[in-house]
Amino acid sequence: MGINFSSGGEQTARSNVMQVKYTTYDHINFSGTGYHDVVNLSITPYASDSRIIVTVNVSNCCRGGHAGQGRILKSVGGGSYGLINYATDGSRAQGHGGNEGNPSDGGASYMIHIWDHPNTTSSVTYRYQVGFESGESNQRVGTSSRNYSNQGGYGYPGVFRQGFTLMEVANA
C-alpha cells in the first residue's frame, strides 16, 4: 500500500493488524461458587510468530463483602484449556481482573487486556470466565447491581452490552 504526496514522493505504510474477531454478550446470571463460562471466541493466526491481543470489557457484580473475578483461558487446536499470562500470589486465585462487592451488592467495571503468543497457525479459542466467592444466586455479568430492578429512565442500575475482541498483530 502506498501513500502519495503532492510533491510526488511516496511513503510505504504497512499495517501490523492482520485480522480482528469480535463478539458481544449480554447480561447473564450465575449461581454458585467457582468459575463459569461466559463466552468463547476463536481465531486462526496467519503466522506462527503473530501476537494475539485479547480484550474483554466487563461489568460484573457479586454479593456484598464477596469477590468476583474474571480470567482468560485458551485452547490451541481443540486441546485442553489453560490460563494465559496470569499473576500468581501464593494460594490466591489466578486471574486477570476482579472486584469486591460493596455492602449494597454492587459491582465494578474493568477491562482485561492481554498480549498472547500462541506460536501456532492452528485455531485458537479464547474463553472468558467469571468466578464468584459467594455461592448465592444472582451473581451477574453485564450489570452494575446484583439486586437491580427496572428503574425506567433513571439509568441505574443498568444492563450493559459487553464486548470480547481478538486482534492478530504481526510480530514487529
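What is the relative accessible area of aspartate 37, and does that make the residue buried, partly exposed or exposed?

Mentor: Happy to. This is a predicted model, so local features are reported at pLDDT of at least 70 and side-chain atom pairs only at pLDDT 80 or more, while totals for chains, interfaces and linings use all residues. Residues are numbered from 1 along each chain as its sequence is written, and side-chain values use heavy atoms, leaving out hydrogens and water.

Aspartate 37 is partly exposed, at a relative accessible area of 42%; buried means under 20%, exposed over 50%, and partly exposed in between, with a 1.4 Å probe and protein chains only. Its side chain meets that of arginine 127 in a salt bridge, 3.6 Å from N to O. The term stands for a side-chain nitrogen of Lys or Arg within 4 Å of a carboxyl oxygen of Asp or Glu. The pair links distant parts of the chain, 90 residues apart: aspartate 37 sits in strand 5 (residues 34-43) and arginine 127 in strand 11. Strands here are DSSP runs of E, at least two residues long, numbered from the N terminus. Arginine 127 counts as buried, with 16% relative accessibility.

By this rule the count comes to 2 salt bridges. One of them joins aspartate 116 to lysine 74, with their closest N and O atoms 3.0 Å apart. Aspartate 116 belongs to strand 10 and lysine 74 to strand 7 (residues 67-76), so this pair ties together parts 42 residues apart in sequence. Here both partners are covered: aspartate 116 is buried at 5% relative accessibility, and lysine 74 is buried at 17%.

Let's move on to the loop between strand 10 (107-116) and strand 11 (124-132), where we find asparagine 119. This asparagine is exposed, at 52% relative accessible area, and its phi is near 55 degrees, a positive value in a residue other than glycine. For background, most residues other than glycine have a negative phi.

Next, strand 3 (residues 17-25), which holds tyrosine 22. Strand 3 and strand 13 run antiparallel and are joined by 8 bridges; strands pair if DSSP finds at least two bridges between them. Threonine 165 in strand 13 is the bridge partner of tyrosine 22. Strand 13 (residues 162-169) is mostly covered, with 7 of its 8 residues buried. Strand 6 (residues 51-61) also runs antiparallel to strand 13, through 7 bridges, and in that pairing asparagine 57 stands opposite glycine 163.

The side chain of glutamine 19 makes a polar contact of 2.7 Å with the side chain of glutamate 168 and reaches the backbone oxygen of threonine 44 at 2.8 Å. Such a contact is a pair of N or O atoms within 3.5 Å; within protein, one must be able to donate a hydrogen and the other to accept it, and residues adjacent in sequence count only if both atoms are side-chain atoms. Leaving aside residues up to four places away in sequence, glutamine 19 also touches others, including Ile43, Tyr46 and Leu166, where contact means heavy atoms within 4.5 Å.

Terms used:
Helices (H or I, at least four residues) and strands (E, at least two) are DSSP runs, numbered from the N terminus.
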